[in-house]
Amino acid sequence: MSESGPADPGHADLDRVFRSEHGRVVATLTRRLGDIDLAEEAAQEAYLIALQRWPESGLPPNPGAWLTTTAHNRAIDRIRRESTRDSRQAQAPMISDTGDDPGDPISSVVDDRLRLMFTCCHPSLATSAQVALTLRLLGGLSVAEIAGAFLVDEAAMAKRLTRSKQKIKAARIPYRVPSDAELPGRLRGVLATLFLVFNEGYLPSAPPGLPTENPGTPTEPGNSVPVSPVRVSPVQVRAESVGAAHGAIRTDLCAEAIRLTRVLATLMPDEPEVLGLLALMLLTDARRASRVSGGGLVVLSDQDRSRWDQDLIAEGHDIVRGCLRRGRPGRYQILAAINAVHTDAASVHATDWRQVLALYDQLLAVDPSPIVALNRAIAIAEVDGPTAALEILDGLPLAGYHAYQATRADLLRRAGSPEAAASAYQRALDLTGNPAERAFLRGRLDELGAAPDRGG
Amino acid sequence: MAQYLLSVHGSDTDEMPDDVQEVYAAVDSFNKEVQASGSWVFAGGLNPASTATVVDGTGNGDPVITDGPYLESKEHLGGFWIVDVPDLDAALELARRGSAACRGPVEVRPFQPEPDA
């Protein structure tokens, strides 16, 4: 909203209003018009009109409602114009189940943005398409911005979006909130997409596996922290290869993911996993300022905790406590709780590692993957010592994974086996091409007094 | 309502499972359910792709007739359903059940709407 009031909303104010209202406007019009393209175009027209008028007239009391009404009128005009030219253009809505069935008691209650989220994140769409659609339609990012964030050219991104919207229309992907029976699975898809957007913003300078903390794995000092709670995606793989390019836009992606997750949490207040994801994002984002120093990454143990954002941490902790009271844990809630323990500690040594370990036990029960087991082992090392952790690592099928080798190296170092540690650091180096990561590993090798090319 | 092609692709050289009768029975029972639900338009199983013939009538002279399937592929269309359902979710649900019954992945593809739809 504009702080300058009706007198003179600046261009930046207008942009902010447009972006924050975009999802609502497009979602409502999609339901009314039954067509996403038509809704998008109408929203665009309404923005152009607002851009002309609002600087003079000031912001209307409810900009979102003004934009929706204006866009709707424009769309109706357009349909009338085109129907005189070609009656087939006036055909019935092409999107099925617009939710306006009077027999459907939910339709009057459900926010259209929720319908739009489930449509954008429909499992029949590729993950990359889900992300792009969500950012475009709900986030209001321009095609150029999304293309920039994912390092593809604008034409390719435009094509991807067009193809996805064609599929929604032709295959009749429904515009509705899934039934209770389908909801858990479909909600997981929406959460995964939102988290992917967040990670895309957060991980470019800390790709999965980089020896630093990341949202999935806030772990102890110096240990490599492999995981992202979502499986490594093509998007993340791409991020890994390009490093910290496009930093500004990517920070936007974090903010955008948090904003959309907040919206989802408002719309689905009874879904603890939505809150869990929100808390996970907040507690991760809270550490942003301390994560990078002089272009290099700072591991959790070395971070200046006074630079952590205490407001975000307080909000995240509040949400985690609320989740605990509900007693319906899930993977995002557990990850958020792990982050809560870390952000609760004044130093890495003051961290309640037994609590972290108990949470990883819980996570492993929900998600029995070797990656989670690897992270749990890091907590084991803090509670029972590095040797106990090494025994767990020996049983994991991750030898070809650089983060596994980096973790192993650190544990071996702490267990008093510098030569074996050097060899593991070397294997980790061989397994990654990421410059920041290689620099970190070389630094560790140097500390061990081993030449970087020795080992094995 | 919209029509979807639910197609099953497989290798012609796959050996029949020992309990092939069970597969037939499961598909038969699924077919009856689809018919009872009113979503049924058509369905059928195809003979092996080796029995196919391709006719190319795009040239000026006689059509070119070729023995064998159009696509050189290990796997071919083996059978399909055409169903009429409200939306993709309904089609995906039928595909899930059809896939379980025939023990193969099912591709779901929407038909273009009728011109006067």
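# Briefing: helices, core and chain contact in a predicted model

Helix H13 of chain A, residues 310-326, has 17 residues and spans 24 Å from its first C-alpha to its last, close to the 24 Å expected at 1.5 Å a residue. The expected span is 1.5 Å times one less than the number of residues in the helix. This is a predicted model, in which local features need pLDDT of at least 70 and side-chain atom pairs count only at pLDDT 80 or more, while totals for chains, interfaces and linings use all residues. Residues are numbered from 1 along each chain as its sequence is written, and chains are lettered from A and ligands numbered from 1 in the order in which they are written. Helices (H or I, at least four residues) and strands (E, at least two) are DSSP runs, numbered from the N terminus.

**Helix H13 of chain A**

- The buried residues of H13(A) are A:Leu312, A:Ile313, A:Gly316, A:His317, A:Ile319, A:Val320 and A:Cys323. A residue is buried if 20 or more other C-beta atoms lie within 10 Å of its own, exposed if 12 or fewer, and partly exposed in between, with C-beta atoms placed from the backbone.
- The arc is that of the directions from the helix axis to the C-beta atoms.
- The other side of H13(A) carries the exposed residues A:Gln310, A:Asp311, A:Arg321 and A:Arg325.
- Helix H11 (272-285) and helix H14 (331-344) of chain A pack against the buried residues of H13(A).

**Helix H17 of chain A**

- In H17(A), residues 386-394, the buried residues are A:Pro386, A:Ala389, A:Leu390 and A:Leu393.
- Their arc around the axis is only 105°, which puts them on the same side of H17(A).
- On the other side of H17(A), A:Glu391 and A:Asp394 are exposed.
- The cover over the buried residues of H17(A) includes helix H16 (370-384) and helix H18 (402-414) of chain A.

**The largest nonpolar core**

- The largest nonpolar core has 139 residues, and those with the most contacts inside it are A:Ala43, A:Tyr425 and B:Ala91. A nonpolar core is a set of buried Ala, Val, Leu, Ile, Met, Phe, Trp, Tyr and Cys residues joined through C-beta atoms within 7 Å.
- Helix H8 of chain A, residues 183-202, gives the most to this core, with ten residues.
- Leaving aside residues up to four places away in sequence, A:Tyr425 touches A:Ala406, A:Ala409, A:Leu441, A:Arg444 and A:Leu445. Two residues are in contact if their C-beta atoms, placed from the backbone, lie within 7 Å.

**Chain B**

- Chain B has two helices and six strands, which run β-α-β-β-β-β-α-β from the N terminus on.
- Buried residues make up 21% of its 117 residues.
- Among contacts in chain B between residues at least 6 apart in sequence, 74% join residues at least 24 apart.
- Strand S2 of chain B, residues 40-45, is hardly covered, as the count of buried residues among its six residues is zero.
- S2(B) pairs with strand S5 (residues 75-85) of chain B in the antiparallel sense over five bridges, and B:Gly44 stands opposite B:Phe80 in S5(B). Two strands pair if DSSP finds at least two bridges between them.
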